[in-house]
Amino acid sequence: MAAPTGAIFLFALSIILLFPGPSAATGEKATVSVRAVTAISHTDDNFICATLDWWPKDKCNYGMCPWHDSSILNLDLYNPILYNAVKAFKSLRIRLGGSMQDQVTYKVGKHYDDCHNFRREDGRLFGFTDGCLPMNRWDELNIFFRRTNTTVTFGLNALRGRRKAPGNGSTLHVGGWDGRNARDLMRYTVGKGYRVESWELGNELCAGGVEAKVKAAQYGKDVLRLRRIVERVYNGTGGRLPKVLAPGGFYDGPWFSEMLRVSGPGVVDGVTHHIYNLGSGKDKDLINKMQDPFYLDKVAQTFSDMEATVRESGPWSSPWVGESGGAYNSGGKDVSDRFADSFWYLDQLGMSSVFGTKVYCRQALVGGNYCLLNTTTLAPNPDYYSALLWDRLMGPGVLQTTTTGGAISPYLRSYAHCSKQKPGVTVLLINLSNSTAFNVTVAGDMDLHPPPRKLLEADDAGAVCGGQREEYHMRPEGGDIQSSVVLLNGEPLALGPCGQIPELRPAVVADGCASPLRVEPHSIAFVRFTGFKAPACA
């Protein structure tokens with residue numbers, strides 16, 4: 001009998017890990033050219049976003065209950081680690097929402113009946129009854145947001161006022177959205193002087209939905225109603241109107257186009273879609289998918305199609321990733337919260353920005369197995385540091401890169417942005433290979449025209465890419481990609497004695513683009529070229 005394919009793969013993988021061969025020592029040569037004359041897209045200043053969810057502690061998947069006290073309703077907002085972790089960003093965007101947001105009543109005004117805590121009940125959406133947001137908790141959340149300078153996106157209950165369509169097993173909900181409870185929450189919010197940057201209608205109700213769905217034409221009418229409520233409530237308050245976002249679900253071209261057509265020009269500011277392209281959290285192949293460049297490339301079509309839909313059907317709007325945890329059903333235990341996940345996560349940030357995505361919301365800041373902060377201790381997981389480095393180094397201007405050379409160059413991923421609030425260009429390099437190091441030369445592409453392009457030779461590179469380079473090399477402790485400890489330039493990142501986020505110091509190299517930089521196997525590098533003269537970043 002032939003050996004199973006999976007067994008052969010694992011055996012071969014073990015041989016590569018034990019005997020990596022000469023390429024790990026010498027390194028493959030690769031060139032990353034950065035097209036510096038024009039930007040191909042721009043992200044929002046608050047591109048990095050993390051979610052807080054409504055899931056109670058008895059939300060369980062695959063025999064595990066990984067949410068603990070991480071809900072919007074019971075997260076300890078006075079924990080110093082949480083405060084320091086959010087404050088470390090200049091203004092982290094936090095999206096409050098998730099599967100159960102369409103079951104939440106806001107305990108304010110006159111337009112609600114009962115307002116009770118979530119509890120388990122078979123036969124209800126997601127196995128829980130409706131829940132309640134009391135205003136004293138909303139006050140606590142907003143005090144935290146103000147202290148940490150958080151940019152707030154709030155997901156509204158879009159099922160309120162609807163009824164389930166007749167038919168055995170139907171998940172379709174019909175009727176118009178009742179926005180009065182949402183309006184009362186907005187009025188309370190404005191009266192208290194709280195800042196909500198954007199209001200989003202609904203969670204995963206589009207197209208086929210997850211446990212409930214609404215037709216696109218009706219949703220378009222409801223989003224228009226939300227826009228009018230926002231305008232009435234915020235009129236005369238001074239400042240900019242909050243954005244309106246929708247639909248917060250999985251991409252479906254015809255459904256999204258119809259929603260935008262019906263809602264009309266200028267109504268939806270951000271078209272939000274969700275990404276869980278790694279599959280189930282219990283998938284035993286999950287960690288291999290994170291390292292497979294061909295698998296990671298599959299989702300590029302979704303980003304491309306989403307960009308085209310917005311351009312053609314809603315050019316006044318922009319695409320957002322409103323929620324993405326990689327693996328659904330709370331993520332993968334000992335995988336989604338480990339170093340390996342940063343291969344997927346940072347590749348997602350780079351790829352989505354290339355395709356015009358303005359904001360990327362990671363599920364979740366706290367909670368589940370895909371959390372940026374450990375759900376029980378709140379200590380940062382590796383992806384937290386990945387997000388923080390991106391936020392500090394990668395500016396809104398997105399530049400096109402091309403990678404050439406290297407025997408297995410698909411395993412070297414490259415992305416480039418104008419540096420954030422500093423001169424120069426920052427390049428992100430992700431080495432997915434477990435055995436091959438890359439010696440990377442970064443070159444300027446100064447051609448205004450399509451390929452073949454004019455790459456600057458080494459003798460000319462100094463004129464465009466002089467100055468220093470600041471290198472941030474991230475590797476897992478002990479070379480184990482399932483480690484929860486990140487080494488930054490060889491030093492482990494750990495909290496200070498009072499829960500302080502560690503300083504993220506670069507290694508400084510004097511010669512800019514003049515010499516290659518080394519990217520070790522299974523490592524990630526952010527490299528800021530301080531003297532890179534990119535007209536797109538001027």
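G127 sits in the loop between β5 and β6 (131–134), in a predicted model where local features need pLDDT of at least 70, side-chain atom pairs count only at pLDDT 80 or more, and totals for chains, interfaces and linings use all residues. Residues are numbered from 1 along each chain as its sequence is written, and side-chain values use heavy atoms, with hydrogens and water left out. The protein chain has 13 helices and 26 strands; helices (H or I, at least four residues) and strands (E, at least two) are DSSP runs, numbered from the N terminus.

**Overall form**

- The radius of gyration of the protein chain is 24 Å, which agrees with the value near 24 Å for a compact globule of 538 residues; the radius is taken over C-alpha atoms, and the globule rule is 2.2 Å times the number of residues to the power 0.38.
- Along the principal axes, the C-alpha atoms fill a box of roughly 70 × 60 × 50 Å.
- Of the 538 residues in the protein chain, 57% are buried (buried is under 20% relative accessible area, exposed over 50%, partly exposed in between, with a 1.4 Å probe and protein chains only).
- Among contacts in the protein chain with a separation of 6 or more, 77% join residues 24 or more positions apart; contact means heavy atoms within 4.5 Å.

- G127 counts as buried because its relative accessibility is 12%.
- Beyond its neighbours within four places in sequence, G127 contacts R119, R120 and E121.
- M351 and F355 are in contact with A300, leaving aside its neighbours within four places in sequence.

**Largest pocket**

- The largest pocket holds about 640 Å³ of space, and of its 28 lining residues the closest to the centre are D102, Q103, R124, L125 and D130.
- On a 1 Å grid over the protein atoms alone, a pocket is an open set with protein on both sides within 12 Å along at least five of seven lines, a cavity is a set of points where a 1.4 Å probe fits but cannot get out, and lining residues have an atom within 4 Å of a point.
- Grid points are joined across faces, edges and corners, and a volume is the space filled by probe spheres set on the points.
- Strands β5 (104–107) and β8 (163–164) each give at least two residues to the pocket lining.
- The pocket lining has five nonpolar, twelve polar and eleven charged residues; Ala, Val, Leu, Ile, Met, Phe, Trp, Tyr, Cys and Pro count as nonpolar, Asp, Glu, Lys and Arg as charged, and the others, Gly among them, as polar.

**Cavities**

- The whole structure contains four cavities of 30 Å³ or more, and the largest cavity has a volume of about 70 Å³.
- The largest cavity is lined by N142, F145, R146, T150, V152, G193, Y194 and R195.
- Helix α4 (residues 135–148) gives the most to that lining, with three residues.

**Backbone geometry**

- Most residues other than glycine have a negative phi, and most peptide bonds are trans.
- The A246 to P247 peptide bond is cis, with omega near 0°, and P247 lies in strand β11 (residues 243–249).
- The bond from Q363 to A364 is likewise cis, with omega near 5°; A364 is in the loop between β16 (360–362) and α12 (382–393).
- A207 is not a glycine, yet has a positive phi of about 50°.
- N489, in the loop between β22 (486–488) and β23 (491–492), has a positive phi of about 50° although it is not a glycine.
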